[in-house]
Amino acid sequence: MRRSTPFLVVVAAAAAVLAAAACASPDASAGDAMADRPSGALPVETLTVAYAPAVPAAITRKTPAKVVINLETREIRKRLADGVEYTFWTFGGSVPGPMLRVRVGDEVEFHLNNHPSSQMPHNIDLHAVTGPGGGAAASFTAPGHSSTFSFAALNPGLYVYHCATAPVGMHIANGMYGLILVEPKEGLTPVDREFYLVQSEFYTAGRHGAPGIQPFDMEKALHEDPEYVVFNGSVGAVVGDNALKAKVGETVRMFVGNGGPNLISSFHVIGEIFDKVYTEGGSLANQRDVQTTLVPAGGSAIVDMKLEVPGTFILVDHSIFRAFNKGALGMLAVEGSENAAIYSGKQDDQVYLPEGGAIQAMPIEAGAAPERELPRNELLARGQQVYAANCAACHQLEGQGVPGAFPPLASSDYLMADKDRAIGVVVRGLSGAVTVNGQPYNGVMPSLQLTNGDVAAVLSYVRTNFGNRATDLVTLRDVQRVRATPPAAR
Amino acid sequence: MTRRVVFAILLCGGAVRAAAQPAPAPRFRSVAPGQVRPMFIAGVPDGGLAVAGFLLAERPVSNAEYLRFVTANPEWQRSRVARIAADVSYLRHWAGDTRLGPEVVPAAPVVNVSWFAARAYADWVGGRLPTTQEWELAASRFRTSISGDPDRVNAQLLALSQAGARDTTPLAAFRIVSDEGVTGLFGGPSEWVDDFNTVVTSGESRGDSGPDDGLFCAGGAALAADPSNYSAFMRYALRGSLRGSYALATLGVRVARDAPATRSRGPR
């Protein structure tokens with residue numbers, strides 16, 4: 001075409017200029033983005049988007065272009081969690097919306113298409129846009145209509161985009177967010193794999209897990225108390241079969257966004273350390289060796305890490321109840337050969353007895369208040385408390401015991417036959433075979449570190465309850481006497 | 001050429017009409033006078049705006065009723081209507097100019113009608129469109145008919161308005177009945193109001209100066225009469241996005257009329 005010749009010359013000249021300027025200082029400002037534009041028309045291309053967790057391919061061209069983006073807003077009902085459905089408002093039919101990828105200096109021609117079935121008007125605010133509303137006013141679109149506006153990508157970085165139609169909080173809370181990456185002039189450092197993740201919350205009328213179609217609960221949203229905190233738009237979206245997959249030895253990059261609408265994320269990969277972090281999704285890899293990085297609501301972060309060992313590495317928001325109780329949990333499944341030098345796994349498992357095998361008997365504290373014989377009702381009341389605190393765990397609440405393990409105290413012939421023997425069992429413990437109510441038991445009852453008053457109380461209680469009919473109580477003196485008497489040799 | 005002549009004659013108020021059925025008479029319900037606190041209250045007295053009592057149709061206009069309208073008024077048929085009065089989506093769900101087709105439920109609320117068309121219909125049946133505040137007044141009369149808890153009414157209305165205006169079956173629209181017997185205000189398509197274009201919005205809900213200040217992101221909650229009334233937010237946002245020629249699949253029409261004591265003669 002005749003008209004393209006001078007255009008090609010201009011582009012070639014621009015390319016030469018850009019190549020020369022490729023070693024520009026890292027402090028190159030946004031203004032350079034416009035200065036680098038060739039005069040004359042930019043080449044036009046239509047953007048290919050990618051849906052989470054996939055990332056669009058890295059940009060290979062070294063010059064600005066005019067990029068045409070078509071994004072559709074659509075309201076659809078689909079799965080939020082097992083048995084739970086939600087009416088999401090989406091970009092591109094998914095939560096998060098697709099990831100967009102352009103290059104600094106590009107002119108973006110943005111078409112926002114609102115599906116005719118939408119109940120609501122929608123628009124878009126891209127944080128990569130320098131201009132009022134980030135494009136919101138220019139893209140306000142009724143259902144069944146389309147709006148167009150253009151902007152220049154002045155700054156590199158990883159930016160959130162979201163709907164900004166009133167009520168804004170509700171539009172965001174229903175799922176209208178995604179990420180747009182503006183690559184720097186020289187592109188990002190190449191890595192083996194890139195992933196796209198967005199954390200966000202959902203505020204449903206029903207509690208977490210309540211089945212059925214859940215409507216949005218605006219009161220919970222106002223109180224910043226979500227029922228669901230998830231990666232990529234639903235519980236389990238990045239788990240199991242949907243886990244991110246990589247191989248040992250690969251360097252992996254995650255583009256992590258936070259759609260909010262309210263919570264800040266403490267993003268952490270269990271068992272991995274971020275070798276490089278582009279804090280808050282800026283254009284500088286400004287931090288190294290980070291365990292957990294903050295992702296602001298309406299913000300992002302880029303993390304790079306090299307995978308050294310195989311296994312399943314869990315992605316979490318380390319505000320940990322969100323991970324385990326609300327759904328903020330994902331998986332990175334890494335395949336490859338083990339490396340015991342880096343991580344050995346469990347090497348040994350042994351019994352641990354720091355003071356040896358004997359049951360420890362703690363001395364009764366000196367200076368304890370001197371004990372006295374209690375009247376009957378006080379004695380039995382205390383005995384009930386002692387029983388509940390010390391005995392019920394094994395002998396059960398009604399003294400019925402556990403067949404084959406712990407003998408019953410209820411209507412127990414063994415207990416009632418010999419009062420002193422019963423006191424001795426509580427004070428010294430009992431091991432070896434016994435027969436209780438015709439059943440054999442052969443276990444160990446530890447000696448219990450109770451005061452003499454407590455022993456008297458609990459035995460009085462047990463011997464007058466659970467079907468046992470003692471006519472006499474166990475007194476303090478009884479216990480002191482038994483304690484003082486050495487146990488009979490067997 | 002012939003079409004232009006015919007259109008010109010009709011436009012000049014020609015009384016020549018195709019032999020037509022008489023206009024259907026909507027059944028009206030009486031909406032009692034009351035106070036309405038418009039969504040954005042800058043400049044409105046504390047108690048709100050006084051709205052006079054009026055009559056509101058019990059049901060929105062149905063496909064069948066609208067079919068009678070376009071049969072009697074061919075200038076409003078899909079293939080003939082001026083684009084300035086109704087855009088390309090006008091009646092797109094019908095099978096033809098005067099055919100609903102098997103997909104369309106005759107008793108379901110008609111959608112894909114523009115504001116100009118809605119006004120023409122209302123005029124044809126001897127009524128008018130309700131104003132925004134009249135519609136909101138009628139829509140506030142749900143204290144007793146929605147189950148139990150008055151504090152949860154806003155949340156319930158929000159849930160209803162999300163229930164899907166896409167479902168234009170008669171059951172969906174008419175199941176929800178206001179205290180005054182008006183059905184389908186929630187759970188069905190949104191409805192045109194006469195003064196939809198008085199919603200002051202630039203589409204940038206977070207602007208912070210000038211006429212936008214009622215609608216900026218924080219102001220949208222702080223200055224709104226009832227920030228918990230999210231279904232009202234949604235209706236105001238939709239109205240703000242509209243133009244008179246727009247025909248939406250989620251927007252229908254309902255007829256109103258002045259209350260008997262104040263009824264004026266002729267169209268507004």
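Which strands of chain B make up the open sheet, and in what order? Keep that in mind while going through the views below, which all come from a predicted model.

**View 1. The open sheet in chain B has three strands in the order 1-4-7.** The pairing here is antiparallel. Look at the edges and you'll find strand 1 (28-31) and strand 7 (256-258), each with a single partner strand, so one side of each has no neighbour in the sheet. Neighbouring strands are turned against each other by 30° on average, direction ignored. As a reminder, strands of a sheet pair through backbone hydrogen bonds, either parallel or antiparallel.

**View 2. Here's a closer look at strand 1 of chain B alongside strand 4 (residues 54-57) of chain B.** Four bridges hold this antiparallel pair together.

**View 3. Helix 4 of chain B, residues 132-139, is mostly covered.** Eight of its eight residues are buried. Among them are Trp135(B), Leu137(B), Ala138(B) and Ala139(B), and the buried list also includes Gln133(B), Glu134(B) and Glu136(B). For background, buried residues make up 44% of the 268 residues in chain B.

**View 4. Gln35(B) sits in strand 2 (residues 34-36) of chain B.** Gln133(B), from the helix in the previous view, is buried. The C-alpha atoms of Gln35(B) and Gln133(B) are separated by 9.2 Å, though the two are 98 residues apart along the chain. Zooming out, chain B has eight helices and seven strands, and of its contacts with a separation of 6 or more, 74% are between residues 24 or more positions apart.

**View 5. The largest nonpolar core counts 145 residues, with Leu179(A) and Phe255(A) touching the most other members.** Helix 3 (residues 115-124) of chain B gives the most to this core, with seven residues. Leaving out residues up to four places away in sequence, Phe255(A) touches Val55(A), Met99(A), Leu158(A), Leu179(A), Leu181(A), Glu194(A), Tyr196(A), Ser300(A) and Ile302(A).

Technical notes: Residues numbered from 1 in each chain as written. Chains lettered and ligands numbered in written order. Predicted model: local features only at pLDDT ≥ 70, side-chain atom pairs only at ≥ 80, totals over all residues. Helix = DSSP H or I, 4+ residues; strand = E, 2+ residues; numbered from the N terminus. Buried ≥ 20, exposed ≤ 12 C-beta atoms within 10 Å, placed from the backbone. Contact = placed C-beta atoms within 7 Å. Core = buried A, V, L, I, M, F, W, Y, C linked by C-beta atoms within 7 Å. Pairing = 2+ DSSP bridges. Axes fitted to C-alpha atoms, helices over the stretch in contact; angles between N-to-C directions.
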